[in-house]
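How do helices pack in this model?

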Amino acid sequence: MSEPRVRRAEIAIEQEHVDRVYSRLAELRAQAEAMRAKGYEIGHGAQREAVFEQASMLFERDMMVFHANQTLQTLDAEYEGLVFGRLDQVGNEKIYVGRLGIRDAEFDNLVTDWRAPAAAAFYQATAEEPMDVVRRRVIRCSGQTVLDVDDDVLIPDAVPEDMRIVGEGALMAALGRSRGEKMRDIVATIQREQDEVIRAPWRGVTEITGGPGTGKTAVALHRAAYLLYRYRRQLGGAGVFVLGPSGVFTNYISRVLPSMGETNVELRALGEVLDGVVATRQDPAPLAAIKGSLRMRKVLTKAMRDTPPDVPGEMRIVYRGEVLKLTTKELEKVRRKVHGHGGPPNRSRIRAAETLLEALADKAEENAKADGRTVDRAELITELGERIDFHRFLVVWWPVLYPGEILRWLGDPARLSRAGKGVLKRDEVDLLAASFADRERDWSVADVALLDELRILVGPPPKRRRRAQPVELDAAPAARGSEGQGPHRPEHYDEYSHIVVDESQDLSPMQWRMIGRRGKYASWTVVGDPVQSSWPDPEEAAQARDQAFGPRTPRRRYTLRTNYRNSKEIFDLAAKVVAGHAGADELPEAVRTTGLEPEVRIVDRASVEASTQAAAKELLDAVEGTVGVICAMDRVPEVQRWVQADERLKVVGSLDSKGLEYDAVVLVEPTELITESTTGRRVLYVALTRATQQLTVVASDREWL
Ligand SMILES: Nc1ncnc2c1ncn2[C@@H]1O[C@H](COP(=O)(O)OP(=O)(O)OP(=O)(O)O)[C@@H](O)[C@H]1O
């Protein structure tokens, strides 16, 4: 048979199996629906029963509906090709591998979940260590249709006569494919070095390093899915938290986990870690460096203990016909005394009241002594402590503190100087104060870690008393978990069981503290590439990072060495630019050549706009998928006016381009990327490694080369 005919015949064989899988899926779906309906019936009957029976019936209803919903959620996930692999083993055994495990009515495996031990050989078998695999086949589907198959022969001597082999290189085909707006999963082509990381044990700290495009992000996400599958009991309850550098990035990777049927993962950007705040604005590098440094902890602690603006300057209260007065100085002494005990101010209200009453009693004694009288202290304290005017004073003098409010106070340079005495330099005070002073401006990404630090420092605001909520007997629990939200978490949920940190090389020490707080009992997967770091003080960050992990052991480290994203031609240029700023062993090896060298266009300054427009247009015509136009952060609005962004074309600032990728990239004025940041060349290196196929650099100088 000719090669195309063999291929068609093999596709038809696999299509038959895929059809069986989907019809079984439909059966399972119908069963789950029926179970959910039955659960509701039980719930409706409950109202007629005695209280004890009601409780047990409702429990049963909840369990049935919950399980049915979970099953439906798994079955309904938008799988891009439910079945993607097949292993033919020695002795004619065959296994289909897919995003989900499905058995037929006789309980035989139709598809094995890729995360199950039985599927491990799909990723781990090599020609040197074939693990009994004769042929490994990647099946490419679109929806329920098989488009293509691609084989790897691992034991040529064991290929039976009737086994046919098609195609070559599923990996290269996947890498060469055009990119869409969102990252795709790589379940079908995970490489052995990547698989080892994905399946590493869950305890302790797992570090993944490697250069750009080595699949660190992809591996970390597949690891999250794997851990939840294998250790659901240990990790599922408190959940898995995935942290990315920006909203653009989390949006870009947002499809990967759901495409593997995994929705019980909380995905957040650094600017969204704190509930109720969504920050996307990046501060200029020098300002971000101050806000991120550990020194801020001291500044914030002092700021929180300073006298709040607008509190009364003195206290006057009448006690048995006599005016007791505390001056500003005396009141401040009381405030210092309360803070001297440590503890969050929002939890110190009672201590503040007691200390204030003691000061009033001292004052009364002082006055009495002058007149030769005595005062019953205990009586005075009890009486004043019950007085409404005392409490009115207390609530304004010792107000409930809110993190955002304290940060805004620091817009006052005098106040910030006090808080930063001995810690911040004069010019740092000016820079910081100006950034906090503008009440109209929303928070920056770096501010979020400061707000979170203050949240802990001030303590939770006192709870208002609430009336008990009536229990709704007939509220259908169907919605719970069915929206892909996972279990309901209380606000400021701080204790995840596994935390994945992507692009970790850029976390500031204050951000490490913020994340560390959420993982006190967690195991960690930490992804990063030191060469791409934009943080100026790596030592301080490393210290904060170690503190976040605490005594967690073991610690294992993996380095990925193959760049799957960039063509060799593009990566060679990036490597040249970063040479001298990275050791040769820190740079990965690109495996794919396209024959298309990156283009460097040196034009005069006035022509940068026209040249960018021309390059963007050419690249849009040349590639099928996305084109990214990358420029310095503060040039973004201008470049957005130059080119029309749409589904295929995006304009991104250098720092926001972290972790993203496009078929083609236009890089505008590279020297500006170097000068805008404290870690210059590394930021440029990041930008140069975003394209999979083509790169055009538009520059008005050659300094960056
Ligand atoms: N085994 C694989 N099969 C198919 N594609 C892969 C594989 N490994 C990585 N890729 C692809 O390579 C590209 C780069 O992967 P990823 O973004 O995870 O790299 P990274 O190491 O996080 O890069 P960076 O540090 O630059 O952000 C992605 O498109 C990813 O899908």
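Helix 12 and helix 13 are oblique to each other, because their axes form an angle of about 140° and angles over 145 would be needed to count as roughly antiparallel. The model is a predicted one. Helix 12 covers residues 328-340, and helix 13 covers residues 349-371. Their axes lie 9 Å apart. The crossing of helix 12 past helix 13 is right-handed.

On the helix 12 side, the contact uses Glu330, Val334, Lys337 and Val338. Helix 13 contributes Arg351, Ala352, Thr355, Leu356 and Ala359. By class, this contact holds 5 nonpolar, 1 polar and 3 charged residues.

A second pair joins helix 11 (residues 295-305) and helix 19 (residues 445-458). Their axes cross at roughly 50° and come within 10 Å. Helix 11 is therefore oblique to helix 19. Here, too, helix 11 passes helix 19 in a right-handed crossing.

Met296, Arg297, Leu300, Thr301 and Met304 form the helix 11 side of the contact. Facing them in helix 19 are Leu450, Glu453, Leu454, Leu457 and Val458. The residues divide into 7 nonpolar, 1 polar and 2 charged.

The axis values for both pairs:

| Helix pair | Angle between axes | Axis separation |
|---|---|---|
| Helix 12 and helix 13 | about 140° | 9 Å apart |
| Helix 11 and helix 19 | roughly 50° | within 10 Å |

Last comes helix 6, residues 216-230. Its 15 residues reach 21 Å from first C-alpha to last, close to the 21 Å expected. Why is helix 6 largely enclosed by the rest of the structure? Because 13 of its 15 residues are buried.

Conventions:
Residues are numbered from 1 along each chain as its sequence is written. This is a predicted model: local features need pLDDT of at least 70, side-chain atom pairs count only at pLDDT 80 or more; totals for chains, interfaces and linings use all residues. Helices (H or I, at least four residues) and strands (E, at least two) are DSSP runs, numbered from the N terminus. The expected span of a helix is 1.5 Å times one less than its number of residues. A residue is buried if 20 or more other C-beta atoms lie within 10 Å of its own, exposed if 12 or fewer, and partly exposed in between; C-beta atoms are placed from the backbone. Axes are lines fitted to C-alpha atoms, for helices over the stretch in contact, and angles run from 0 to 180 degrees between N-to-C directions. Angles under 35 degrees count as roughly parallel, over 145 as roughly antiparallel, 65 to 115 as roughly perpendicular and the rest as oblique. A crossing is left-handed if the near helix is turned anticlockwise from the far one by less than a right angle, and right-handed if clockwise. Two residues are in contact if their C-beta atoms, placed from the backbone, lie within 7 Å. Ala, Val, Leu, Ile, Met, Phe, Trp, Tyr, Cys and Pro count as nonpolar, Asp, Glu, Lys and Arg as charged, and the others, Gly among them, as polar.
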